[in-house]
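Hi everyone, thanks for coming. Let me put the structure up, and then I'll walk you through a few spots.

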Amino acid sequence: MNGKNNFLYAPNEDESEKASNSYILSLIALITGFPIPLFNLVAAIIFYLGNKKGTYFVRWHCMQVLLAHVITFVINLIVVVWVLGVLFWNFNLTNNFIAFIITAAVFNLIEFIATIYTAIKTRKGLHISWLVIGPLTDLFVKE
Amino acid sequence: MHKAYLQLTLLMLLFVGIWQLLSKINFIEFLQIEKLTNESEKKLGQVILDSIRKDNHELNSDSVCIYVEKMKSELCKANNIPDSSISIYIFENDNVNAFTLPNSTIILYTGLIEYCKTPEELCGVIAHELAHVEHHDVMKKLTREVGSSMLLTLTGGAASGGIGKEIVKIISSTAFDRKQESEADKSAVKYMSNAGVDPENFANLLFRLSKDKNNLPKQFEWLSNHPNSKDRAEEILKFRQKINKKFENKFSESSWLKVKKIVGESFEK
């Protein structure tokens, strides 16, 4: 995470709250929808669409959380299919499978911590741009 | 390439890199998963065997057991399969059926022994079931039909007798998939051939089963879990043709007649 306080303008209280909520809502959807990896993505999409006409700061953070969930959705979808395969479709329990689960868990954990951290910081009006996802968000969200 | 896409590519490479590095660790051995799986399989096999024992009498004849054991030993010895790891149980039941349980156990019904005209035919069935044991087909089938969580419940001792009976029903009367059957037949031909027993006998048994099934449909359980016997017999003959070997009768005829007599008497009881 980088780029604290380097946003184009200082967001007001309402903007900070909405931006922070986008992270918190996705986390709530992730926890309630576990282990199905779809709900957090759907929540992020809905929140993004709901704030499509919002201010730049709000749209930017809604998009950052959406892109992060798109990436983890792909990873988690593979995990769910692979686990179902092992449990019900005769897939072998291999070291490759366990390694993938651990790697996916690490990435999910990093995203989880980053989401909480960013939710707290954006609530205070600070701008947090994540590595990889931040530059991608810049491409998709225009002022 | 734009900086953002370059970073995304690097992230994906990082993911794959960590995954591949971690996969070098032998988690299966470290977490003793194989040991746990073997223990679960052992317990599951025992639970199912106990359930079969509740509904069937085990055949109480040393002569028959020794004869069948010898047959199994010949097959195991010729194919480098640890003989002691495979158990065979014979139950008094007029169904023409044989099947495998988890924990390398083969169940034979006296109905099948009665139906076999020659010891080589019976040897074919044992070789086929031995192949299912070696390919771990029964656990694959149970996982597919019942699910791992239910199997773990069963081995944990929390299952009722009803579930045990259901599992026996699945094992004894539902089919392996076509590929598993074909692979087991192929291995059976190899096992028989290596042991000096003509695989043609096994094909003969399957041909006869497919002809007789219309007369006595209820007794031919083995056909319900081994469908398309005629096609399989033809396939076995094809495998057989590839083997340039002359076979002689391997098993004692007088002992076989004694076995048939004892089995026949068990039906009269």
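Okay, start with the side chain of His69(A), which makes a polar contact with the side chain of Glu111(A) at 3.2 Å. By polar contact I mean N or O atoms within 3.5 Å, one able to donate a hydrogen and the other to accept it, and neighbours in sequence count only if both atoms are side-chain atoms.

Before I go on: this is a predicted model, where local features need pLDDT of at least 70, side-chain atom pairs need 80 or more, and totals for chains, interfaces and linings use all residues. Residues are numbered from 1 along each chain as its sequence is written, chains are lettered from A and ligands numbered from 1 in the order written, and side-chain values use heavy atoms, without hydrogens or water.

Back to His69(A), which sits in helix 3 of chain A; helices are DSSP runs of H or I, at least four residues, numbered from the N terminus. Is His69(A) buried or exposed? His69(A) counts as buried because its relative accessibility is 2%, and buried means under 20%, with a 1.4 Å probe and protein chains only.

Now, the loop between helix 3 (56-88) and helix 4 (95-123) of chain A holds Phe91(A). At 38% relative accessibility, Phe91(A) is partly exposed, so between 20% and 50%.

Finally, the two chains: 23 residues of chain A are in contact with 24 of chain B, contact being heavy atoms within 4.5 Å. Across that interface there are four residue pairs in polar contact, both residues at pLDDT 80 or more. Helix 4 gives the most to chain A's side, with nine residues.

Key:
Helix = DSSP H or I, 4+ residues; strand = E, 2+ residues; numbered from the N terminus.
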